[in-house]
Amino acid sequence: MSTTTPAGDRATDAAADGTSSAELLVAERPFGAGPRPYTFPEVRRVRVAGGEIVAAHLPGRAMAWAGLVLEAGALHEPPGLEGLSRATGGLLDEGTENYSADEFALAVEGMGARWTWGHEWETQSIGVDVPVARLADGVDLLAEAVRRPAFTDQDVERFLADIASSLKHQWAQPGTRALETYRRALFGPDSRYGSLLDGTPTSNAGVTAEHIRDFHARRMTSAGTLVVAADLDAVDLAGLGRAVFDGASGPDGRADDSPGPQDPAGVRVLLVDRPGAVQSVLRMGHTAPPRSTPDLVAIDLFAEVLGGSFTSRLNHQLREVKGYTYGAGASFAHGRRVGTFTVAASVHTEVTADAVADALTEVRRMHEHGVTEEEFGTTKTHVLGSVPIRLQTPRGIGGRVREAVVHGLPDDHVTRQYAEIVAAEPAEATRAAATYLRPDALTVVVEGDAAKVLPGLEAAGFDVTRVAD
C-alpha cells in the first residue's frame, strides 16, 4: 500500500502550519548531482584467420552488434567515378551468390536482425544488429554479403537507377551546390576531399557493374577488422572471425590522397546563383584538426557554446534576436587526416548580408573572448548527460569501438574522453577557441538569388566571387 501523501493534502498541511504552497514546491524541488564516473566496457582483441577482432564485453545484454570495417571509402575511388564506394557498399545486401535480394532481406528479418551500413572518406562499415543468441548466424550473413556479393547486371542497373533518382532530388534542393562549392574551396578541385562524399549525378552516371565488381575486388576482399559489441561470454569470437576472415586476401592499405587545404588570407565570399530563391543557404568555415588532436574535448566544448545547441550563441543571435532564420549552428568534423569547422544556416534572402556579418561577428567574438563560466557550465552538463544516451545500445558502443579502429585510438579512449570532459575548465575552451578558430581565414559560400543578394553583400564590404554553374 502506497504511503505517498497526495499533493493536495501536502498543500493543506502546509497552509495549516503557515507555509505557502509556493514555498513547499521550492523546498521540494530536486537538484541534479555531479557527474558519476564512467568506464567504457572491457575491450578484447583477438587475431584469427589473418584478421583482427576488436570486441566490447557487455555482460547480460540480450542484443549484440557486429560490423566489419574495411579500407574502402571515397578516397579509394578512381578519379571521375566519385560515388563508386557508396554504390558498391550499398549493393552488398541486394543479392549474393546464395541469396536473391528478397531472400537476403527475409533472412535478416527472420532472425530479428537489422542490417547496418555506412561509408566515409576512408572506410566502410557493414554490420548487423541481432539477438546475441543469433549473432553467429548474423555474422554468417554478413560474411555472405561482403565476401560473395552477386552484383548481377540487373541488380546493379536497378540500384544505380535508385541512386540517380536520389541524387537528382538532392541536387535540386537548396544547399547541395553550396556544400560542393564550400568543399572545393577548402581543399581544392584536385583533391577528392574537394567534392561531395557521394559524388555528383555526372560522376555516378559513369559507374557501371564492371566498375563495382572491380572496386569490390580491389578494396573489399581484405580481412579488415571485425568489431563486436556483445556479451562475450555467450559468443565464440574465434568462430565469428573464421566466418568473416577465411579466404580474405585482398589489399588493405590506406588511401594515398592527402588533403590540400586552401585557406585564404582573408574572408572570401563565393556566391552560387539560385534565381528566384526566397532563402539563402550559408556555409562558412575553414579546415580544422583531425580526430587525433589532443585538444578534441576543448574544441568540441567551445563549438557547442558557439553553435551546437538550440541555446547556442549563433542560434540565439540569428534566430531569436534577429529573426533571420529558423536555425543556425556550427560544429567541427574531425576526420582521420583533416577536419572542418563549419557554420551553417538558411536565412531570408533580404537579410543575407546582415546574417553573414552577424555570423562572422559571433565567430570572431568566440575567437577573441572565449566562453563565459555560465555558458560553459551549462554546456558541459549537457555534453556529459548526452554521453550515456549514445552508449545505451550495442551498436552505439560498437560505434565507439569502431572509432578507435578507424582513428588508431586506445581501447579506453571513451573513458579518457569522459574524464577529460568532467575535468574541463572554461579557460581550456577559451584557449582552444583562440587557437583553432581563424576568423580572418574564412571561406563563406552563399547559395541564393544573386540579383537580390549581391548588392547587399558588396555594400557590406565583402569581396564577392560569383561561382560559375
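Modeller: Contact here means heavy atoms within 4.5 Å. This is a predicted model, in which local features need pLDDT of at least 70, side-chain atom pairs count only at pLDDT 80 or more, and totals for chains, interfaces and linings use all residues. Residues are numbered from 1 along each chain as its sequence is written, and side-chain values use heavy atoms, with hydrogens and water left out.

Colleague: What is the strand order in the open sheet?

Modeller: The order is E1-E2-E6-E3-E5-E4, an open sheet of 6 strands with mixed pairing (strands are DSSP runs of E, at least two residues, and helices are runs of H or I, at least four, numbered from the N terminus; a pair needs at least two DSSP bridges).

Colleague: Which are the edge strands?

Modeller: Strand E1 (43-48) and strand E4 (114-119), each of which pairs on one side only. From one strand to the next, the twist averages 15° (angles run from 0 to 180 degrees between N-to-C directions of axes fitted to C-alpha atoms, for helices over the stretch in contact).

Colleague: And how many bridges join E2 to E6?

Modeller: There are 6, between residues 51-57 and residues 225-230, and the two strands run parallel. Histidine 57 has alanine 230 in E6 as its bridge partner.

Colleague: Which helix lies across E2 and E6?

Modeller: Helix H15 (residues 394-407), running at about 150° to E6; H15 also lies across E3, E4 and E5.

Colleague: Turning to H4, which residues are buried?

Modeller: Ala101, Phe104 and Val108 (buried is under 20% relative accessible area, exposed over 50%, partly exposed in between, with a 1.4 Å probe and protein chains only). They are on the same side of H4 because they cover an arc of only 65° around the axis, taken from the directions from the helix axis to the C-beta atoms.

Colleague: What do the buried residues of H4 pack against?

Modeller: E4, helix H5 (135-147) and helix H6 (153-172). The face turned away carries the exposed Asp102, Leu106, Glu109 and Gly110.
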